[in-house]
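Colleague: I am new to this structure and would like to go through it with you. Could you put it on the screen before I start asking?

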Amino acid sequence: MAVPLDADGEDGHRPDYPPKTPPPPKKPVEPPRPEGATLRSMLVRPRLAARIANRRAANWTLENAPWAPAKAARHVIGKLAGWGYHLDTDREAGITAVTVLLTRAALTDGGRRISLHLADQDHQALILVLSHQAGHAPEDERLLREVTALGVASCGTDTDQADGGRRRWALADLYG
């Protein structure tokens, strides 16, 4: 006669099915700091930002590429059409040219990207381009003369030495 197998094993313990898995390791509260880093050296300077409040607005981030000015103009014209502005051919061409000029100027600052901001109020469009590239001298008057020649209501540029980068903007009338 055969001896029955002991289901409980040799020590009387039956394994659990499915077997229990160990808990995952706990993550540290703060990642380790780089060697020799202090709190002051780890602080990040705030980015140059645009604040547009109490009106419709849109913004896009564009890479520094040869096709960025044309893409920026398509974004602006498309968004204005989406907001219900039906521009005549001359006005659309003027806004396209202004957007292309501002975008090209921002791309000459270097850097990997620029940001384009658009807002409307009282049948005027604000086109604002930020370069996000620090260390540049203030803009010369040539760009402003070119933009003004395209028939904008107002335009300007400024350099933020504390945060870095340049703002270039134009305010264009959407109706005659």
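Colleague: Leaving out residues up to four places away in sequence, which residues does Leu116 touch?

Modeller: Please keep in mind that this is a predicted model. Leu116 touches Ala58, Asn59, Trp60, Leu62, Ala72, His75, Val76, Thr99, Ile127, Leu128 and Val129.

Colleague: Which residues touch the most other members of the largest nonpolar core?

Modeller: Leu116 is one of them, together with Leu80, Ile95, Leu118, Ile127 and Val147. That core has 32 residues. At least two residues come from each of β1, α2 (68-82), α3, β2, β3, α4 and β5 (166-173).

Colleague: And which element gives the most to this core?

Modeller: That is α3, with seven residues. As general background, nonpolar side chains in soluble globular proteins tend to be buried together.

Colleague: Let me step back to the whole chain. How many helices and strands are there?

Modeller: The chain has four helices and five strands. Read from the N terminus, their order is α-β-α-α-β-β-α-β-β.

Colleague: What share of the residues is buried?

Modeller: Of the 176 residues in the chain, 31% are buried. The accessible surface is about 12300 Å², and carbon and sulfur atoms account for 54% of that surface.

Colleague: What part of the contacts joins residues 24 or more positions apart?

Modeller: Such pairs make up 66% of the contacts with a separation of 6 or more.

Colleague: Now to charges. How many salt bridges does a search of the whole structure find?

Modeller: The search finds five. One of them joins the side chains of Arg56 and Asp120, at 2.7 Å from N to O. Arg56 sits in the loop between α1 (39-42) and β1 (57-63) and Asp120 in strand β2 (residues 113-121), so this pair ties together parts that are 64 residues apart in sequence.

Colleague: Where do Glu146 and Arg142 lie?

Modeller: Both are in helix α4 (residues 141-149), four residues apart, which is about one turn of the helix. Glu146 is partly exposed, with 33% relative accessibility.

Colleague: What is the partner of Asp158 in a salt bridge?

Modeller: Asp158 pairs with Arg167, and their closest N and O atoms are 2.8 Å apart. Asp158 is partly exposed, at 32% relative accessibility.

Colleague: Which residues are linked in a network of salt bridges?

Modeller: The network links Asp109, Arg166 and Arg168. Asp109 lies in the loop between α3 (89-107) and β2, and Asp109 is buried, at 8% relative accessible area. The side chains of Asp109 and Arg168 also make a polar contact of 3.2 Å.

Colleague: Which side chain does the side chain of Ser131 meet in a polar contact?

Modeller: The side chain of Ser131 makes a polar contact of 3.0 Å with that of Asp109. Ser131 is placed in the loop between β3 (124-130) and α4, and Ser131 is buried at 0% relative accessibility.

Colleague: Which residues is Ser131 in contact with, leaving aside neighbours within four places in sequence?

Modeller: Ser131 is in contact with Ala106, Asp109, Arg113, Ile114, Gly165, Arg166 and Arg168. Among them are Asp109, Arg166 and Arg168, which are linked in the salt-bridge network.

Key
Residues numbered from 1 in each chain as written. Predicted model: local features only at pLDDT ≥ 70, side-chain atom pairs only at ≥ 80, totals over all residues. Heavy atoms only, no water. Salt bridge = Lys/Arg side-chain N within 4 Å of Asp/Glu carboxyl O. Buried < 20%, exposed > 50% of the residue type's maximum accessible area, 1.4 Å probe, protein only. Polar contact = N/O pair within 3.5 Å; in protein donor to acceptor, adjacent residues only side chain to side chain. Contact = heavy atoms within 4.5 Å. Areas by Shrake-Rupley, 256 points an atom, 1.4 Å probe, with all protein chains shown as cover. Core = buried A, V, L, I, M, F, W, Y, C linked by side-chain atoms within 4.5 Å.
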